[in-house]
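Please keep the structure in view while reading.

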Amino acid sequence: MDTVADLLPALGLRITAGPLELRGLGDDDLAALADLAARGVHDPARMPFYVPWTQAPPDELRRGLVQYHWRCRAEFSPEAWRLELGVWHEGVLVGTQGFSTRDYLVTRTGETGSWLGLPHQGRGIGTAMRQAICAFVLDHLDAEEVTSGAFTDNPASLAVSRKVGYRPNGTRRLRRREGEVAVNQSLVLTREHLVRGEHPVVVEGLAPFRRSIGLDTPASPGTAGTTAPETP
């Protein structure tokens, strides 16, 4: 009998780099993740996210976070998908690291996004988990580039991007909160500019995940008959 991870290979994906682990989030993990988010992700006086999801009351925030992850599962397809992985550091759940894309088989690009609980910030974890996800998509999913973005008044996020090797790629004026405009710095990273982490990235569950996004199938041009290794 198939398991849920057999049917939804993103749940069986596991990426490790030394003390860092990124893996699919089961429902029990989502409950713990919702509690972590409700305890605080950023200073309430600031809003680092384009979608201000952390402004919700605690119970609404917890419910909305779980519903968001369920939507990511339900809407996952080769045409458009969001990979949202839990991040554990030394065995402790600390946040999430995501990669979202549309028309990936044609564009071979997508955008990273992440958050960390307040107690786990400022320890280098944000840089390490971004390095891990970028190495994963560039080395194991045949990506050509990875994009990101941060508001110009969010120096911590921009510093992480610089450390990983992203380059500036223009700016946009966006609505951030009600009646508030902010400048968002777009960023782009290619394989030759990736600054890799201290620890090698090891991947489990790669082959079924590649198939789930349309790679390594006759329907994906240029990939028929290819097989990706489980580890670098």
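## Helices H2 and H3

The crossing of H2 and H3 is right-handed. The model is a predicted one. Helix H2 covers residues 27-38 and helix H3 covers residues 58-74, and the two pack at an angle of about 140° with their axes 9 Å apart. That angle makes H2 oblique to H3, because an angle has to be over 145 degrees to count as roughly antiparallel.

On the H2 side, the contact is made by Asp 27, Leu 30, Leu 33, Ala 34, Asp 35, Ala 37 and Ala 38. H3 brings Pro 58, Leu 61, Arg 62, Leu 65, Val 66, His 69, Trp 70 and Arg 73 to the contact. Sorted by class, the contact of H2 with H3 has ten nonpolar residues, four charged residues and one polar residue.

## Helices H5 and H6

A second pair is formed by helix H5, residues 125-140, and helix H6, residues 155-164. Their axes lie 9 Å apart, and the helices pack at an angle of about 50°. H5 is therefore oblique to H6. The crossing of H5 and H6 is right-handed.

Which residues of H5 and H6 make the contact? From H5 they are Gly 126, Thr 127, Arg 130, Gln 131 and Cys 134. From H6 they are Ser 157, Val 160, Ser 161, Lys 163 and Val 164. By class, the contact of H5 with H6 has five polar, three nonpolar and two charged residues.

## The second largest pocket

Helix H5 also takes part in a pocket: with six residues, H5 gives the most to the lining of the second largest pocket. The volume of this pocket is about 290 Å³.

How many residues line the second largest pocket, and which lie nearest its centre? The lining has 18 residues, and Ala 17, Gly 197, Glu 198, His 199 and Val 201 are the ones nearest the centre. By class, ten of the lining residues are nonpolar, five are polar and three are charged.

Key
Residues numbered from 1 in each chain as written. Predicted model: local features only at pLDDT ≥ 70, side-chain atom pairs only at ≥ 80, totals over all residues. Heavy atoms only, no water. Axes fitted to C-alpha atoms, helices over the stretch in contact; angles between N-to-C directions. Helix = DSSP H or I, 4+ residues; strand = E, 2+ residues; numbered from the N terminus. Parallel < 35°, antiparallel > 145°, perpendicular 65-115°, else oblique. Left-handed = near helix turned anticlockwise from the far one by under 90°. Contact = heavy atoms within 4.5 Å. Nonpolar A, V, L, I, M, F, W, Y, C, P; charged D, E, K, R; others polar. 1 Å grid on protein atoms, 1.4 Å probe; cavity = no way out; pocket = protein on both sides within 12 Å on 5 of 7 lines; lining within 4 Å. Points joined across faces, edges and corners; volume = space filled by probe spheres on them.
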